[in-house]
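Before turning to individual residues, please display the model and keep its sequence at hand. The account below moves from an aromatic pair to the strands, the core and the charged side chains.

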Amino acid sequence: MLWSVKEKTSYRLRCNQHIRHKRTFTLVEALLSVAIVAAGLIGIMQALMKEVSALSNIEERIESARILQEKFGEVTKELLKATQIAPVSRENEIVCGPRRYKMQLYVDQKSPIKYLYEIQLVCSWQKFAREQKNTLVTFLYKPIQSKNEQ
């Protein structure tokens, strides 16, 4: 069957009109929807990263508090066994997992009350080039026993 030029043109126009009326996404609509989804995903990822960072900070603080409690128990036992307490200032480093903690101990009689000693323990560590600290301050009352009392 041979078609004339007029019939071919009219057939093509009908086909093109059919395609134009069919609902499709344009490139602009597709790019816009991808951009909106990407913006939403970026927001979600940022929120998750903040939560992970906060959780890491909490874990470090809990670990440093545990270290402070252990050191406080050791220091208290040591001071209670001592016959005389002199002012103390010590530093040492503790490695716990991937972190390094710096411990500082200060014992001094700052109070006007006789035999009352201030104990200060400071646990510090580096995180993102900033120093983080946890401090424990308490007082110990230990009257010195004379040789007559023993």
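**From a buried ring to the charged side chains**

Tryptophan 125 counts as buried because its relative accessibility is 2%; buried denotes a relative accessible area under 20%, exposed denotes over 50%, and partly exposed covers the range in between, with a 1.4 Å probe and protein chains only. The model is a predicted one, in which local features need pLDDT of at least 70 and side-chain atom pairs count only at pLDDT 80 or more, whereas totals for chains, interfaces and linings use all residues. Residues are numbered from 1 along each chain as its sequence is written, and side-chain values use heavy atoms, with hydrogens and water left out.

The structure holds 1 aromatic pair. The ring centres of tyrosine 101 and tryptophan 125 are 5.6 Å apart and the planes meet at 65°, so the arrangement is edge-to-face. Rings of Phe, Tyr and Trp (for Trp, its six-membered ring) pair if their centres lie within 6.5 Å; planes under 30 degrees apart count as stacked, those over 60 as edge-to-face, and the rest as tilted. This pair links distant parts of the chain, 24 residues apart: tyrosine 101 belongs to strand E2 (residues 99-108) and tryptophan 125 to strand E3 (residues 116-127). Helices (H or I, at least four residues) and strands (E, at least two) are DSSP runs, numbered from the N terminus. Tyrosine 101 is likewise buried, because its relative accessibility is 0%.

What surrounds tyrosine 101, leaving aside its neighbours within four places in sequence? Its contacts (heavy atoms within 4.5 Å) include Glu60, Glu63, Ser64 and Ile67, as well as Asn92, Glu93, Ile94 and Cys96, and also Cys123, Ser124 and Trp125. Serine 64 lies in helix H2 and is buried, with a relative accessible area of 0%. Apart from residues within four places in sequence, serine 64 is in contact with Tyr101, Cys123, Trp125 and Asn134. Serine 64 and serine 124 are 60 residues apart in sequence, yet their C-alpha atoms are 7.9 Å apart in space.

The strands supply the next part of the picture. E1 and E2 pair in the antiparallel sense over 9 bridges; two strands pair if DSSP finds at least two bridges between them. These two strands form a hairpin with 2 residues between them, and glycine 97 in the turn has a positive phi of about 70°. Within this pairing, isoleucine 94 stands opposite tyrosine 101 in E2. E2 is also joined to E3, by 7 bridges, and these strands run antiparallel. Here glutamine 104 stands opposite valine 122 in E3.

Tyrosine 101 also belongs to the largest nonpolar core, which has 16 residues; those touching the most other members are Leu79, Ile85, Tyr101, Met103, Leu105, Val107 and Ile119. The elements that give two or more residues to this core are helix H2 (27-81), E2 and E3, and E3 gives the most, with 5 residues. A nonpolar core is a set of buried Ala, Val, Leu, Ile, Met, Phe, Trp, Tyr and Cys residues joined through side-chain atoms within 4.5 Å. In soluble globular proteins, nonpolar side chains tend to be buried together.

Lysine 142 presents a charged residue that is buried, with a relative accessible area of 11%. Lysine 142 lies in the segment after strand E4 (130-141). Not counting residues up to four places away in sequence, lysine 142 touches Leu79, Leu80, Ala82, Thr83, Ile85, Tyr115 and Tyr117. A polar atom of the lysine 142 side chain lies 2.2 Å from the backbone oxygen of alanine 82.

Salt bridges complete the description. A search of the whole structure finds 7 of them, each being a side-chain nitrogen of Lys or Arg within 4 Å of a carboxyl oxygen of Asp or Glu. Lysine 71 forms one with glutamate 74, with the closest N and O atoms 3.3 Å apart; the two residues are separated by about one helical turn because they are 3 residues apart in helix H2. Arginine 90 forms a salt bridge with glutamate 78, with the closest N and O atoms 3.4 Å apart, and this pair links strand E1 (residues 88-96) to helix H2. Arginine 90 is partly exposed at 39% relative accessibility, and glutamate 78 is partly exposed at 44%. The side chains of glutamate 93 and arginine 100 meet in a salt bridge at 2.7 Å, N to O; glutamate 93 is partly exposed at 49%, whereas arginine 100 is exposed at 53%. Finally, Glu60, Arg99 and Lys127 are linked in a network of salt bridges.

Terms used. Polar contact = N/O pair within 3.5 Å; in protein donor to acceptor, adjacent residues only side chain to side chain.
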